[in-house]
Amino acid sequence: MTDSYALIPLRTHLISAGEDIVDVVCQYVRGVATSGDVVAISESAVAVSQGRAVLSRGVKPGFLARFLCRFPQKHGSLATPQAMQLAISEAGVPRVLAAAVVGGLAKAVGIRGLFYRIAGRGLAAIDDIAGTLYPFDEHIVLAPRDGQAVVDAIRDRTGLEAAIVDVNDIRCVDFMAATRNLDRAAVARALERNPMGNDDEQTPIVVLKRLSTDPVQNAG
């Protein structure tokens, strides 16, 4: 049996630093989600609730950040000195340097993606300025911390499988954390059209209503 899902994006209040994201999720899925459904949460909403949105103009980039930010593609998350400086602070100078050297050499022979494999997938989830809705559009939003603890707490409180995801408009779904029994492939297919949006939709929580494609079950 293969599962598919109908999507219900939930418009929320503007989530801010200091809120308990597990409480927020429980509040909005109540009366909407039922057993067998999945709840997906934007990684930016989780990070903002954890105080991981940093005002860009308050970041003082060093020489290394100003140098390395020249190499990512200009639409990428680490293409400004401020974002690169925060990436260096997150992963450490040795790790970022190693990732830059190995990633650069690999890219020269047609192998891509090694930078984030070495430096850490969390750096790929960094949202630079203009990557988040107002009033965070002048902030750099880092990857959430302790994502596994967050989704496990949602599972304990609601009985729902849960995931923290980074979704963009080019159909890329990256799981920052997920509960153990989640069908990642099915959830990724359902979310690839980005129901959370990258603008002012303000729908950081999506309930995935389970629709079984088992012909016997559907016939009943």
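Guide: A residue is termed buried when its relative accessible area is under 20%, exposed when over 50%, and partly exposed in between, with a 1.4 Å probe and protein chains only. This is a predicted model in which local features need pLDDT of at least 70 and side-chain atom pairs count only at pLDDT 80 or more, while totals for chains, interfaces and linings use all residues. Residues are numbered from 1 along each chain as its sequence is written, and side-chain values use heavy atoms, with hydrogens and water left out.

Visitor: How many salt bridges does the structure hold?

Guide: Side chains of opposite charge can pair when their charged atoms come close. The criterion for a salt bridge is a side-chain nitrogen of Lys or Arg within 4 Å of a carboxyl oxygen of Asp or Glu. The structure holds seven. One of them pairs Asp-23 with Arg-157 at 3.0 Å, N to O. Asp-23 lies in helix H1 (residues 21–29) and Arg-157 in helix H8 (residues 147–158), so this pair ties together parts 134 residues apart in sequence. Helices are DSSP runs (H or I, at least four residues), as are strands (E, at least two), numbered from the N terminus.

Visitor: Which residues of helix H5 are buried, and where do they lie around the axis?

Guide: An α-helix has 3.6 residues a turn, so residues three or four places apart point the same way. In H5, Val-96, Ala-99, Gly-103 and Ala-106 are buried. Seen down the axis of H5, the buried residues fall within an arc of 105°, so they line one face of the helix; the arc is that of the directions from the helix axis to the C-beta atoms. The face turned away from this buried side carries the exposed residues Pro-94, Leu-105 and Ala-108.

Visitor: What covers the buried residues of H5?

Guide: Contact means heavy atoms within 4.5 Å. The cover includes helix H3 (63–68), H4 and helix H6 (114–119).

Visitor: What span should the 16 residues of H5 have?

Guide: The expected span of a helix is 1.5 Å times one less than its number of residues. For H5 (residues 93–108) this gives 22 Å, and the end C-alpha atoms are 22 Å apart, which agrees. H5 is followed by Gly-110, whose phi is positive, near 90°.
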